[in-house]
Amino acid sequence: MRLRAAVRRILERERVCRLATVGADGTPHVVPVCHVLHQDRLYFASDRTAQKVHNLRARPRAAAVVDVYVEDWSRLAGVMVTGRVQLIERGPRFRRIRRLLYQKYPQYPTDSALEEGESVIAELVPARVAAWGLD
């Protein structure tokens, strides 16, 4: 799916995304993640033992929300992306996306390094996009 330019801008610019997954028992799980947009796909990383990763292994679908809150509610904006998720655990794709995450979030290498075999990178491929408040 090709994203509209306004959707792409907010996904590239904003620093935090809220990710919703569902466990094997149907329990919802929502957490903030640091994301990067690359070729109209949303990526985030995690420790391979995290609950969100466990959920994605059982049910590889997720929803992500990136929004901008302001006190003037006429200027609220956001995007929700839903779709299938593929986990990338090692290899050239892992290293390429890790580089992009490190560029966007310079804290990553020192505060939460992403190592192959210890971390996974999740690729959310948009199937549906809902947006509000965008020009």
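Buried means under 20% relative accessible area, exposed over 50%, and partly exposed in between, with a 1.4 Å probe and protein chains only. The model shown is predicted: local features need pLDDT of at least 70, side-chain atom pairs count only at pLDDT 80 or more, and totals for chains, interfaces and linings use all residues. Residues are numbered from 1 along each chain as its sequence is written, and side-chain values use heavy atoms, with hydrogens and water left out.

**View 1. Ala6 in helix H1.** Ala6 has its place in helix H1; helices (H or I, at least four residues) and strands (E, at least two) are DSSP runs, numbered from the N terminus. With a relative accessible area of 8%, Ala6 is buried. Not counting residues up to four places away in sequence, Ala6 touches Leu134 and Asp135, where contact means heavy atoms within 4.5 Å. Ala64 is 58 residues from Ala6 along the chain, and their C-alpha atoms are separated by 16 Å.

**View 2. Ile10 and the cover of helix H1.** Ile10 is also found in helix H1 and is buried, at 1% relative accessible area. Its contacts, leaving aside neighbours within four places in sequence, are Val66, Val68, Ala77, Gly78, Val79 and Leu134. The buried residues of H1 are Ala6, Val7, Arg8, Ile10 and Leu11. Their cover includes strand E3 (35-38), E4, E5, E6, helix H3 (92-104) and E7.

**View 3. The largest nonpolar core.** A nonpolar core is a set of buried Ala, Val, Leu, Ile, Met, Phe, Trp, Tyr and Cys residues joined through side-chain atoms within 4.5 Å. The largest one has 25 residues, of which Leu11, Leu42, Val85 and Leu87 touch the most other members. At least two residues of this core come from each of helix H1 (5-13), strand E1 (17-22), strand E2 (28-33), strand E4 (41-47), helix H2 (51-58), strand E5 (61-68), strand E6 (77-88) and strand E7 (119-132). E6 gives the largest share, five residues. Another core, of eleven residues, lies apart from this one and has Ile88, Phe94, Tyr105 and Ile121 among its members.

**View 4. The contacts of Val85.** Leaving aside neighbours within four places in sequence, Val85 is in contact with Leu56, Pro60, Arg61, Ala62, Ala122, Glu123 and Leu124.

View 5. Two aromatic pairs are found in a search of the whole structure. Rings of Phe, Tyr and Trp (its six-membered ring) pair if their centres lie within 6.5 Å; planes under 30 degrees apart count as stacked, over 60 as edge-to-face and the rest as tilted. The ring centres of Tyr102 and Tyr108 are 6.0 Å apart and the planes are at 35°, so this pair is tilted. Tyr108 is buried, with a relative accessible area of 10%. The ring centres of Tyr105 and Tyr108 are 6.1 Å apart and the planes are at 90°, so this pair is edge-to-face. Tyr105 counts as buried at 4% relative accessibility.
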